[in-house]
Amino acid sequence: MSLSTDTIVGVVGAGAMGTGIAQVAAAAGHRVVLGDAVRGATQKAQASIAKAMDREVQKERMSRDAADELMSRIDYQWEPLGDDLSAYGRCGLVIEAIVEDLDVKQALFRRLERAVARDAVLATNTSSLSVASIASSCDVPERVIGIHFFNPPPLMPLVEVVPWLGADPALAPAAYAMMARWRKAPVLASDTPGFIVNRVARPFYGESLRLLDEGFADIATIDWAMKDHGGFRMGPFELMDFIGNDVNYAVTRSVFEAMFYDPRYKPSLTQRRLVESRFYGRKSGRGYYDYREGAVRPEPKRDDAIARRIVERVRAMLINEAIDAVHMQIASPEDIDLAMTKGVNYPKGLLAWANELGLEPILGTLEALQAEYGEDRYRPSPLLRRMIREKRRFFA
Ligand SMILES: NC(=O)c1ccc[n+]([C@@H]2O[C@H](COP(=O)([O-])OP(=O)(O)OC[C@H]3O[C@@H](n4cnc5c(N)ncnc54)[C@H](O)[C@@H]3O)[C@@H](O)[C@H]2O)c1
């Protein structure tokens, strides 16, 4: 199992992610094979990569020759992929980026296994399924790994490398090194629901929704507070509308179920109703905000005292989640902070932020919430208490 600059990279699925991953691999100098089950998908992918290259040339970030050379490295499969995946026979690494459905992914991996060499690496870009559940359907499961990119892959530096329990121990370091060569910011995450980012980020949405449901503040005010006082690039409601409420709700549900219904990850009824109403966000014209023509954007209530309380509560929940991810050995503190800054553009790493604010006030906020609500959702991570007791700080 070797992953080198000469490795031919296969990408299965030419949707939003597969197209971006193919572009990133070609930019790193690999020959790439890109295919999809649906007619026209690779044509769309080619047009989208050509457009991205035109933009690079226009902005003088790339010469026309370099852009053309990059594009020539991608071998598009114009015919829809069927049972025969022999087009991927030359690939030393195949990254799957198809629909998020376990049965469909397992069936694809079984077919891929028959098409590639025995030492080829098979990777999944799944966001919410366990890598173990995909790998275990294979005859040679030890060569399967999670390589999780963020959307859009050419712009987002973070890549979560996710080895499953039975993965060849040499595989994660090899995938990590390859992602570093691709000029990505790789982190190592354990094969647990949501990996790092989709787990640690849950309270950004969930706690903001609780504040909304309780009538503590409206969406415009919460978004304003998280941006102006919290330093986040987008407010939680703007971001959910951008991601799509259907997608965001599905991720929340999947993490909640996969975590055996831990109340910390409980989805919101408000968001469920939005999805049922097809208020998906920007893409459907309505979400938390109204994006239809002529719609008036609501104004926030610019009250600094309210903003401070909003930020304090959501941030304490986020930091608690990050600390608990360290506690549960999901990833190293360094990788958790890297993941949240490079994968979702948080203004600071949550653990570095915890150091800056002091751990005691964070514990104080959580304990006050737990006392008031009597909900397990607000339970402080044991590691938070332990670090205070032992007078420890992160990265010290
Ligand atoms: N969109 C995101 O923000 C994001 C981020 C990280 C990871 N992911 C994950 O990446 C994967 C792809 O997501 P996406 O947003 O690109 O989806 P998408 O719907 O844009 O693209 C999926 C593509 O896969 C094709 N496809 C479906 N079944 C196939 C099969 N059996 N063989 C070949 N092609 C098949 C579809 O025709 C489609 O073109 C999912 O597992 C998703 O969870 C998505």
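**Close-up views of the predicted model**

**View A. Thr-126 in the loop between β5 and α5.** Thr-126 is placed in the loop that runs between β5 (121-124) and α5 (131-135) of this predicted model. With a relative accessible area of 1%, Thr-126 is buried, because residues count as buried under 20%. The side chain of Thr-126 reaches the backbone nitrogen of Ser-128 at 3.4 Å. Leaving aside residues up to four places away in sequence, Thr-126 touches Glu-100, Lys-105, Ile-134, His-148 and Phe-195.

**View B. The shell around the ligand.** The ligand is surrounded by 20 residues, of which Met-17, Asp-36, Glu-100, Lys-105 and Ser-127 are the closest. Ten residues of this shell are nonpolar, seven are polar and three are charged. Helices α1 (16-27) and α4 (102-115) and strand β6 (144-149) each supply at least two residues of the shell.

View C. A polar backbone atom of Met-17 lies 2.8 Å from an oxygen atom of the ligand. A ligand oxygen atom is also 3.3 Å from a backbone N or O atom of Ile-98. In the side chain of Asn-151, an N or O atom is 3.4 Å from an oxygen atom of the ligand. On its own the ligand has 830 Å² of accessible area, and the protein covers 73% of this.

**View D. The cis peptide bond at Pro-152.** The peptide bond that leads from Asn-151 to Pro-152 is cis, and its omega is near 0°. Pro-152 belongs to the loop between β6 and β7 (158-162). In general, most peptide bonds are trans.

**View E. The buried side of helix α17.** Leu-383, Leu-384, Met-387 and Ile-388 are buried in helix α17 (residues 382-389). These four residues lie on the same side of α17 because they cover an arc of only 135° around the axis. An α-helix has 3.6 residues a turn, so residues three or four places apart point the same way. The cover over the buried residues of α17 includes α13 (304-327) and α16 (359-373). After α17 comes Lys-391, with a positive phi near 55°.

View F. Arg-183, in the loop between α6 (171-181) and β8 (185-188), has a positive phi near 60°. Phe-260, in the loop between α11 (245-258) and α12 (269-276), has a positive phi near 55°. Arg-183 is exposed, at 75% relative accessibility, and Phe-260 is likewise exposed at 75%.

Conventions. Residues numbered from 1 in each chain as written. Predicted model: local features only at pLDDT ≥ 70, side-chain atom pairs only at ≥ 80, totals over all residues. Heavy atoms only, no water. Near = heavy atom within 4 Å. Polar contact = N/O pair within 3.5 Å; in protein donor to acceptor, adjacent residues only side chain to side chain. Areas by Shrake-Rupley, 256 points an atom, 1.4 Å probe, with all protein chains shown as cover. Nonpolar A, V, L, I, M, F, W, Y, C, P; charged D, E, K, R; others polar. Buried < 20%, exposed > 50% of the residue type's maximum accessible area, 1.4 Å probe, protein only. Arc of directions from axis to C-beta. Contact = heavy atoms within 4.5 Å.
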